[in-house]
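Me: I'd like to learn how to read strand pairing in a model. Could you walk me through it?

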Amino acid sequence: MASDYAISRFASWRRPTRVVAVGDVAVGGANPIRIQSMTNTDTMDTKATVDQIERLAASGCEIVRVTAPSIRDAENLAEIKRAMKRRGVRVPLVADIHFTPNAAMVAAEHVEKVRINPGNYVDKKKFEVREYSDEEYRLELERVAARFRPLVVRCREKGVAMRIGTNHGSLSDRIMNRYGDSPLGMVESALEFLDVCEDEAYHEIIFSMKASNTHIAIQAYRLLAARLAERSGSEPGYPFHLGVTEAGDAEDGRIKSAIGIGALLEEGIGDTIRVSLTEDPVREVPVARRIAARGERRCAEDLRAASIEVATADLPNPFHHDRRRTPASDVGGLVLGGDEPIRVEIDLGDRVDWGSPDETARALASSLGTLREIECESLLADATDERAIANFPAWTAALERAGVALPAAARVPLGLLSAGAGVPKGAARIAVPVSVRDGFCAMQAAAQAAAMSGTALEWSLEATRDTLADLVDRALSALENAAPPCVLFSVAGDPQPHALRLLAACLAERGQATQPLVLRPGTVAGAAAPGSEDGLVEASIDLGMSLCDGLGDVVSLPAGSDPAAAVDLGYRILQGARLRTTRTEYISCPSCGRTLFDLEETTARIKRATGHLKGVKIGIMGCIVNGPGEMADADFGYVGSGPGVVTLYVGKQIVARGVPEAEATERLVALIREYDRWQEEDAAGA
């Protein structure tokens, strides 16, 4: 499979890009990953806007976007810049333009960068289905180019940069009718505008391909990188601005952003990022900095990494999500693979007191008993000596007495197995850490012990990327005269996503493409508390990238001090990766000067009323720009349509206009009931 969207599919080698100057801030090339955010004040309120810009700059934001929905707003950007100068605030500004080309022409006189959305800059969005002949399409394209060209010329003359920012939910009818609601449509929409820019010898361009669906966002950026590489050959490409739009708030907003942005940075794709949260924009900045720091660290670590030659033909398609197929397997009562959902396990590590199993079991039951609507599906504990192996049945019995009837797996040292200690009785599987330093005979002994006891075996490979293939060969060879009921693989340590991808490729190359895979966060994530923001970001990237790749049958997270929090994080990551829906999903925009109500307060109110609805997607948008198109994946929509009034949607269809804001939440609930998607809270938690 071609991997020309990235230099390597197994290392974080940064995609070569040209440098684009946004005022004093250089984006792309060897520059750091730049941090952006956007004001949510009224652009006509100069003081409030400059106050927020100053707070953003103080928090580490390097580029600030301000909405300019009208010519009047665009003209006030000049006053905002003057007020910034008086205060000594030097951060460059980006004018955000959607429907008003004339406003863009004015804004380009005052800011360092203009952002336009091809889907609604000059095209119409009426959700019309129409067949275009090639000639009709060409004429429409010429009309679009004619309206766009003056802005290109002005930006070139003024030395102003431009972001061509395609959004999944706001593709034009023309693009939708030809390419569909797809990553391809997003890319083609952007490239049409690039053609005009290059015709005018204008190259100060940054691209974005945003979606609320992490799969769509990742695929669109990869596809654009591949298409630009075809156009430019060996020349550096254009920089990318990364983001997951309408990510929401709190943990879920951070998880979706970490997955979508972090997975691309892990591949060396991305030069500037914005985390879009339905919160005070200042709170976006530290999250973005954590994600960017992770990406830069990976690229620095891999700077001198050797190239890896492994066939990638059997890896999942990077431009389309396909789950790696494994046969359904019963592992100690837990069925995984096949059509089963990806399972959630907590790794207790060495936290089991083998001398007092009842006490440990009661503490675990107390924590897991706080979960609602989700459940832990498997446990893993270290059994590192003969006492642990002997007491393993007592521990599983204690779990049952405490009401924790779950498959329990044991992580057993290779040396203990090869010394004849035996497999813990009742273990659902044994996870055996192995490295290139371990003897082949010991690995054979472990495989035979698993086979003789009828226990599933997980090879936990402790290897660097340059030794992983050899270790896979040894692990497979050790199985030649032993047949455990199921053999799983995992990779221990960092860097997790690339190592998992390499493991899948190595297994496929050896005719073992269907062996189940266990996913674990890397050592950095494991060292951070699961409930901390650092731990959340690291685990979301480690697991989310592999999950979006289509890899994995089990996610296993460290229990930390709160096993229930670890389980909850696992399910949230699975939902953020669009692979297992277990709660309400809110597709809510981060608010800007266009927003027609208090988005944070409204989102909180809607969450209180609907937060128990498993699997329902609700779009909460501040204005029509982020309305029916932007919430393309939502089942129901709540969109500001005027001061104090809301429009309600089912999918993309309007069902109620002019709803007073004071009544809108109740009307939304009634609408969900009407379409038979409502669940009572006690039933939802059953």
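Me: Which residue in S18 is the bridge partner of serine 460?

Reply: Two strands pair if DSSP finds at least two bridges between them; strands themselves are DSSP runs (E, at least two residues), and helices are runs of H or I, at least four residues, both numbered from the N terminus. Here serine 460 has serine 490 as its partner in S18. Strand S17 (residues 456–462) and S18 run parallel, joined by five bridges. This is a predicted model, so local features need pLDDT of at least 70, side-chain atom pairs count only at pLDDT 80 or more, and totals for chains, interfaces and linings use all residues. Residues are numbered from 1 along each chain as its sequence is written, and side-chain values use heavy atoms, leaving out hydrogens and water.

Me: What is the strand order in the open sheet of eight strands?

Reply: The order is S18-S17-S16-S15-S14-S13-S20-S19, with parallel pairing. Strand S18 (487–491) and strand S19 (518–519) are at the edges with a single partner strand each, so one side of each has no neighbour in the sheet.

Me: How many of the five residues of strand S14 are buried?

Reply: Buried means under 20% relative accessible area, with exposed over 50% and partly exposed in between (1.4 Å probe, protein chains only). In a regular strand, side chains alternate between the two faces of the sheet. In strand S14 (residues 378–382), five of the five residues are buried, so the strand is largely enclosed by the rest of the structure. Ser378, Leu380 and Asp382 point one way, Leu379 and Ala381 the other.
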